[in-house]
Amino acid sequence: MNGKTTIAALLMTLVTAGAYAADKACVELKTSGETESEVVENGQKVKRLVPVAKAVPGDQIVWTITATNVCKTPADNVVIANPVPEHMTYVANSAMGTGTDIAYSLDGKEFKSAAELQVRAADGAPRAARADEYRAIRWTYKNAFAPGATAFVRYRAAVK
Amino acid sequence: MTIARHVKNASLALIALSSVGVLQGAYANGTPSGTNITNQATVDYSVGGVSQTQITSPTASFVVDSRIDFNVTQQNGPVVTQPGQTNVVAEFLVSNTGNSTQGYQLAVVNEATGTAFPSSSADNQDVANLRIFVDSNGNNTYDAGVDTATNVNSLITDSDGESVRVFVLADIPVAASNNQFANVRLTARAAVPGTNGATLATETAGADNPAVVDVVFADPGRDGTQSDANQYAIRSAALSVTKNVAVISDEFGSPNPKAIPNSVVEYTITVTNNSTTTAANAVTVTDNIPANTTYVGNTITLNAAPVADGTAFQGGPPARVVVAAGAVAQNGGTATVKFRVRINP
């Protein structure tokens, strides 16, 4: 992509922005759950993600959310959100997403960084929220998705 | 475009997933098996500075599988019992700590001699006629004719787990003696619920089918089998008897009488109960009058108290002394019977 087409695309976007909203989605989103499995390859134990293996209470599932820009224009302000599924708890420090700011929510509406997320303890004093109290996770991409670009975010949750 | 490359590189980068240990045991029972867990993510974005309609991903889902986990724990051991007792109950508790309703196949055996039992002595005796009955009416007491099931048909699980009491009945051999110990081990094997324990549960082999409930053994041995031992502690009176003889007098009134014809000798019979736990009741001391001697009337005593000849002397043949000594206490309690005879001329 050279600078000229980018500018051209940008101009087009400005002109036809309304049409984009109505036409088709520029970002395709996919969610998949996998489990980590230890396999031996070349004599070494390595961990591989495999499609959800037997999942019983206490087991962890790795959720991967993949976003792809399927349009010919960049997508910016990309924000992926995922409620922690019912019957599952978020595993502390497991959310990752390259090039993203990660925030968490206790109610699915108000998102804050892990350090700022607080709840009131029984005695009324605020305390840091525990990972198992998070009900949703949000990833905010710092940079735009170029046309055709794909990125994913990931976290772990355990079956209650 | 640098941003595109950055994002692409990120997606190819080897991601080191943080290896946070599974909180084993944090979920005693957990999400019931068969629960469908679904996940849908959303993405918001802009194109050319204009916010676009939120996109929702297709739903990813899987079914929570069956985590078979349970415990067998003895409840009332050691069970103190006596030789010859029948239908002595040893209690166990079978607890379902998995996330599915479960049945259990039960079996009980005598443990090998020498097998230890916590806070008691090792096994050195076997009991007979072992039987198993499940507490079907849930009153924690064995009810003959009511608690008749011999396997656990179906035990549900809920937030705090569910358990059922299992009674092992045994007969104690008459020949068993004081301070003998008989361990019995109850083994429960996970079974398909509703089969009265007849069909054992099996782990699902191969890869998970996200759409169906697979079976995973999560008990400590990962084998769907749990067991525990209980103990019968056999208590009995432990009687010993001693007999001493002393020459009381001779016909010459000697200061040191010897056992010669016409001398009077006194027999002392001492019964001692060495059991630490159990008194002996209805103890009877019987002793025949020795040959070549003749009983001296009105000389029978029990614990130094005279006993009338009418109740304690039988002329025979054989002539004998029979004293009802009553109870002999444990921890070294004694009964002492004395009587005198004259050596025949």
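What follows is a short walk through chain B.

This is a predicted model, where local features need pLDDT of at least 70, side-chain atom pairs count only at pLDDT 80 or more, and totals for chains, interfaces and linings use all residues. Residues are numbered from 1 along each chain as its sequence is written, and chains are lettered from A and ligands numbered from 1 in the order in which they are written.

Confidence, then. pLDDT is the predictor's confidence in each residue, from 0 to 100. Chain B has a mean of 86, with 90% of its residues at 70 or more. Within chain B, helix H1 (residues 2–12) has the lowest mean, 39, and strand S11 (residues 128–134) the highest, 97. Helices (H or I, at least four residues) and strands (E, at least two) are DSSP runs, numbered from the N terminus. Over residues 1–27 of chain B, pLDDT stays under 50. Where pLDDT is low, the predicted coordinates should not be read in detail. For the complex, the predictor gives an ipTM of 0.78 and a pTM of 0.69.

Now the strands, which pair if DSSP finds at least two bridges between them. In chain B, S7 (residues 70–74) runs antiparallel to S9 (residues 88–96), joined by five bridges. B:Gln74 stands opposite B:Phe92 in S9(B). S9(B) also runs antiparallel to S13 (residues 162–171) of chain B, with nine bridges; there B:Asn96 has B:Glu162 as its bridge partner.

Last, where is B:Gly34? B:Gly34 sits in the loop between H1 and strand S1 (36–39) of chain B. B:Gly34 and B:Val212 are 178 residues apart in sequence, yet 7.4 Å apart in space, C-alpha to C-alpha.

Conventions. Two residues are in contact if their C-beta atoms, placed from the backbone, lie within 7 Å.
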